[in-house]
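Welcome! Please take a look at the sequence and structure shown here, and then let us walk through them together.

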Amino acid sequence: MLTLRSITKGRKIGTGHLFMGVPALILILVAAFPISLIFIQSVISEAGTLTTGFLERIFEVKSNYMSLINTLSISLLTVFFTILIGCPLAWVVTRTDMPFKGVFKTLFIVPYMIPPFIGAIAWGFLLSPRTGFVNKWLMALFNSSTPPFNIYTYSGVVFVMSLYFYPYVFITVAGALERMDPSLEEAARNAGANRFRVVKDITLPSVAPSIAAGALLVFIAACSNFGIPALIGSEGRVYVLTTRIFFYIYSGGFEGLQMASSLSIFLVITSALALLANRWYLRNKQFTIIAGKSMRPNLILLGKYRIPFFIGCCLFTFSTMFAPLLCIVLISLLKAYGVDIAWKNFTLENFRFILFEYDLTRASIWNSIKLSLTAATFLTIMGSLIAYIIVRTKLTGRRILEFLSTLPYSIPGTVLAIGMILAFSGKFGINFYNTIWILLIAYTARYMAFAVKSVGASLEQVHMSLEEAARISGAGWGRTFRDIVVPLVKPGLIAAWFLAFMPMLRELTVSVLLYGPETRTIGVAVYELQDAGYYDTAAALATCVLIVIFAGNFLLKRITGGEFGF
Amino acid sequence: MAGVRLVGIKKQFGDVVAVDQFSVDIADGEFVSFLGPSGCGKTTTLRMVAGFDMPTAGDIYIGDTLMSSVEQKRFDPPEKRNIGMVFQNYAVWPHMTVFANIGYPLKIKKEKRSTIKDKVEYNLALVGLEGFGERYPHQLSGGQQQRVALARALIMNPEVMLLDEPLSNLDAKLREEMRFEIKDLQKKTGVTITYVTHDQAEAMVMSDRIVVMDNGYIQQIDSPREIYENPANKFVADFIGLTNFVECEVISRDTVLLKDGTGSHKVKAHIPSGIGEEAVLSVRPENIEIAEKGGDIKGVVRRTVYLGNMIDYRIGVGDVELRVEKDAEEVFPEGSEVKLRFKKSFIFSL
């Protein structure tokens, strides 16, 4: 009785708060504490006095502030190009009568599922100045000796980022276009505006807040990304904050850690500023022209442009998704990197090697599976508990719990990793550095938000009266939870597990800073192999990752009846 | 079976008082509706009886058992109250079959499988859903889901049934049908029913007594007829049925002067206000007589609407417009001058 009251009403401190205290304590330990250490570390000197040393460390070293400027400018350019790509694509699949637009709607989201570092590897294979397929093919075609493209440049980084981050804009804008009230546009037509005038005066301003929301996601993804700048930028000496932080952690020592955490501060500030800019932009755009329910939007009849639009979309899909993925798969099947693509050169030897022979890849696969299984299971359980507290109870402090659970995902992964190093490498009596535990903690903290969000969304679908009906039928709180709540949120639970498991299986940004000699993960292994020039082996491992991702997504979609997955 | 007794119930959410000074004694087997506009506190009161909300003050008895008392620090959770409840959105569990939904309360009580089967069959028949046991809720219409919810509430043989606007999601025709079915079910089972609604017709048709509520307070508790014919105050007169309000001044113990200045008008009703005070007169459209001459009040017919069995008049009296309903035998054309007489009216103090 007391339990019920405290859980469902909770105006008093009681069992309900104990019930909330456990996840809160864990979150403080694995999220709030490590992250706040970064700030403390930066402003406190070795002697223990307050210092502004972190500012000097950035601005006295040219390559440091260059990396800050690069991070900002690359991210802004990426935002610009993703809007340029994402908006027209969203418009084409939601508002025109182009053939197969439903298929394209799914295809355009594919880059969202592909790990950016694998995309970076693929584009390297295609556009590397010396060995890139496209370059070799064009040089042969025009009988030239200078390669036309070089991916290993500043613009190469922007290019690859734009191709892998535009789905953020695409998804938000397509959603808004689908839910927009068609009568708003019809009214403009009545007022005398032609089709294009309506797009300019009504449609675009209406979806502007959604474009801004997508742009914010792109900006944060771009400035926190490690894989693309590491594999594309570093080769051409283009450094950003994440790659500089990586450099400092590997240079080692107190000095290196000090530098890395100082740079982390700037990474956090950069993404926080983006968030504030977004708030400011949206401050008086709270109009609700986007209706909640799905409407039948007005379709623009393309007429004679139907086929050209269709061909355009095919070409885009082929060149930006199909070609790079195909390229990775082909290289993974080749006897050696650089031989001609011909039947006689195909073999499965690379796969046999990485799966059954090579200790480095075998250990990394095993580590990643162990880590992802454990972390996904643990965070699904804990995330569900947190989601239940947030959605269903009125406990004071539940908003703080929500904030804590989403914090580790809302900051760049690099920053979280630095926090982990500061908190768990012996300074406070716990030394997990170079062990699997530090990775497990980091993974759990980082992807907790996924479980809280997807279970929370499912819970919100379950009307309170369904639980009350069970209570009035004689079931106690626990019995109601078991008989009613759990079965009804099952799709959310499964989705939470998968949504955390799949990105963890190929995680790179956090792992690359936390792995030890015995705890290499799949992402790290692919990165190292590629970096060391074992292209065929890296491609084979990347192919395995891609297969698991597509299979997992397909499985998730089947199990949840299409509610989750793409 | 048992009655329900609420004594001095108060519910406060933060600074907002949702219900206050609520006392009612519902007899065993009685059908009582809580009627009022949205936000009047009727659902909150029902949820306190169910045990989903805890009163800020007051006691709740079901039969002779004290279920909730702030003073005695007693609060039985919903599952211990043996109450059947039907929710506005049915709350039929989507992951269970009709059979499993209805049988759930018995499963909790750990009854034998064969007993559960018999009782579910019986209750399915009671609500007219024979043969629907193996279906899932998404295969049923709204009306059928509502019947499942009713059967699930009835199967536990509850002391009391609480119905929270159970018909508001149904279409008009089905709603009328269900009113009689619910009333029939109550006659068959003899269960005490507390019914929450904002639809006065629903309350009028089904209830033995109606509790009219506004702004958290009880306005009147009476039979449907009493409430219509002798409303306790201006709110009740306005909320139940149609009425005309005319501002007036009390000039003697049984006479008021209408504010439009067309003349004094004698009323038989008890006048609560003192002489010389401002008040408001309420007269229902069917209680106004129209004649070419002879009445007390002069008016002009502004608009007539023919409704088949009667005519709906708008009659201007000074600067006030009165609505009058009269049979269609004699028609007063628009623009004609008429005399009005109030057969029955009430004076409410402001």
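## Chain B at a glance

Chain B contains eight helices together with 21 strands. Please keep in mind that this is a predicted model.

## Inside the chain

How much of chain B is buried? Of its 350 residues, 40% are buried.

Contacts tell us about the chain as well. Take the contacts in chain B between residues at least 6 apart in sequence: 65% of them join residues at least 24 apart.

Most residues other than glycine have a negative phi.

Start with Asn157(B), which is not a glycine and yet has a positive phi of about 55°. To find Asn157(B), look in the loop of chain B that runs between α4 (142-155) and β8 (160-164).

Now move on to Asn215(B). Its phi is positive too, at about 55°, although Asn215(B) is not a glycine. You will find Asn215(B) in the loop of chain B between β10 (209-214) and β11 (217-222). With 15 other C-beta atoms within 10 Å, Asn215(B) is therefore partly exposed.

Key: Residues are numbered from 1 along each chain as its sequence is written. Chains are lettered from A and ligands numbered from 1 in the order in which they are written. This is a predicted model: local features need pLDDT of at least 70, side-chain atom pairs count only at pLDDT 80 or more; totals for chains, interfaces and linings use all residues. Helices (H or I, at least four residues) and strands (E, at least two) are DSSP runs, numbered from the N terminus. A residue is buried if 20 or more other C-beta atoms lie within 10 Å of its own, exposed if 12 or fewer, and partly exposed in between; C-beta atoms are placed from the backbone. Two residues are in contact if their C-beta atoms, placed from the backbone, lie within 7 Å.
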